[in-house]
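Please look over the sequence and the structure before reading on.

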Amino acid sequence: MPLCRRILIVEDEADLADIIAFNLQRAGHTPLQASDGAAGLRLAQHERPDLVILDLMLPGIDGLEIARRLRAEPTTASIPIVMLTAKADERDQLTGLAVGADDYVTKPFSIPVLLARVEAVLRRAEGDGSGVAVAARGPVRIDLDTHEVRVGSDPVRLTTTEFKLLAALVRADGRVLTRPELISRAIGPGIRVTDRAIDVHLAAVRKKLGEHGSLIKTVRGVGYKMTADREPV
Ligand code: CA
C-alpha cells in the first residue's frame with residue numbers, strides 16, 4: 001500500500017475537486033482542498049503538503065502564478081506539482097512545466113490516470129527506489145527504502161512503527177504534527193490507536209536517539225515536531 005501523503009487540491013470546480021479528494025482518500029492519502037488561487041497558495045505555504053494538484057485556470061491567482069510563487073519560496077520550492085490543464089494546448093503544458101510543474105494532466109481526464117501520475121510524481125520526488133530516498137533532520141538520517149537510521153555515523157535500531165513515526169517527523173521538516181496526523185502517517189488511516197500509544201513509541205525513539213532524542217519536541221496540546229538543532233527549550 002502506498003504511504004499516506006498530504007495532497008493539496010487547488011481546483012475551482014467543486015464537483016471535480018470533491019471527486020479527486022474522495023479518490024485520494026480512498027487511496028490512503030489525506031486531501032486538502034482550496035477553491036481559488038489565493039486560498040491554494042496560503043494552504044500550500046502553511047501546510048506544506050507532500051504534493052499539490054494545481055488547476056491552471058483559477059479565479060484570482062492562476063495556476064501558473066501559484067507554481068511560480070511556490071518555486072520561488074525556499075520552504076515550498078521542492079513540493080511536487082501536478083498541473084491540471086483545461087486545454088490540450090501544448091503551450092499551456094510547456095509553460096506549466098517551465099514554471100516547475102512536475103507533470104500535467106489534460107482535462108477531461110480519468111481519475112485512475114490522475115492517481116497514477118500523482119503516485120509516479122511522489123515516487124520520483126521521494127526517490128526511485130534505488131536507495132537514494134534519504135531524509136535528514138540535523139544529525140539524524142533516515143533511509144526510506146531500507147529503513148536504516150543513523151545518528152551521525154552510528155546506526156540506530158528502531159521497530160517499524162518507531163521508524164515510521166521518526167520518518168514522519170523528519171519529513172515534516174520542523175512542522176508540528178498532531179497525534180492523529182502521526183497515527184495516520186505511521187500506522188495508517190482508519191486504524192484505532194490511542195494518543196498514549198504514540199507517546200510511548202516516541203519516548204522509545206527518543207531514548208534510542210540518545211543525546212539527540214531531545215530533537216523531538218513535545219508541543220503541548222498539539223503534538224510533536226522535530227528540530228534540526230538541540231536548541232534550548
Ligand atoms: Ca478551473
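The points below cover a metal site, a pair of helices and one leucine, in that order.

The structure is a predicted model, and the descriptions here should be read with that in mind.

**The calcium site**

- The calcium ion is coordinated by Asp12 and Asp55 through OD atoms and by Met57 through O, at 2.1 to 2.4 Å.
- Along the sequence, these donor residues follow the spacing D-x42-D-x1-M.
- Asp55 has a relative accessibility of 1% and therefore counts as buried, since buried means under 20%, whereas Met57, at 47%, counts as partly exposed.

**Helices H1 and H5**

- The axes of helix H1 (residues 14-26) and helix H5 (residues 111-125) come within 11 Å and cross at roughly 60°, so the two helices are oblique to each other.
- The crossing in which H1 passes H5 is right-handed.
- Where they meet, H1 contributes Ile19, Ile20, Asn23 and Leu24, while H5 contributes Ile111, Leu114 and Leu115; by class, this contact has six nonpolar residues, one polar residue and no charged residues.

**Leu202 and its surroundings**

- Leu202 belongs to helix H8, which spans residues 195-208, and with a relative accessible area of 0% Leu202 is buried.
- Apart from its neighbours within four places in sequence, Leu202 is in contact with Leu165, Leu169, Leu182 and Tyr224.
- Leu202 and Thr161 are 41 residues apart along the chain, and their C-alpha atoms are separated by 9.5 Å.

How values were computed
Residues are numbered from 1 along each chain as its sequence is written. This is a predicted model: local features need pLDDT of at least 70, side-chain atom pairs count only at pLDDT 80 or more; totals for chains, interfaces and linings use all residues. Side-chain values use heavy atoms; hydrogens and water are left out. Donors are N, O and S atoms within 2.8 Å of the metal (3.2 Å for Na, K and Ca); water is not among the atoms, so sites may look incomplete. Buried means under 20% relative accessible area, exposed over 50%, partly exposed in between (1.4 Å probe, protein chains only). Helices (H or I, at least four residues) and strands (E, at least two) are DSSP runs, numbered from the N terminus. Contact means heavy atoms within 4.5 Å. Axes are lines fitted to C-alpha atoms, for helices over the stretch in contact, and angles run from 0 to 180 degrees between N-to-C directions. Angles under 35 degrees count as roughly parallel, over 145 as roughly antiparallel, 65 to 115 as roughly perpendicular and the rest as oblique. A crossing is left-handed if the near helix is turned anticlockwise from the far one by less than a right angle, and right-handed if clockwise. Ala, Val, Leu, Ile, Met, Phe, Trp, Tyr, Cys and Pro count as nonpolar, Asp, Glu, Lys and Arg as charged, and the others, Gly among them, as polar.
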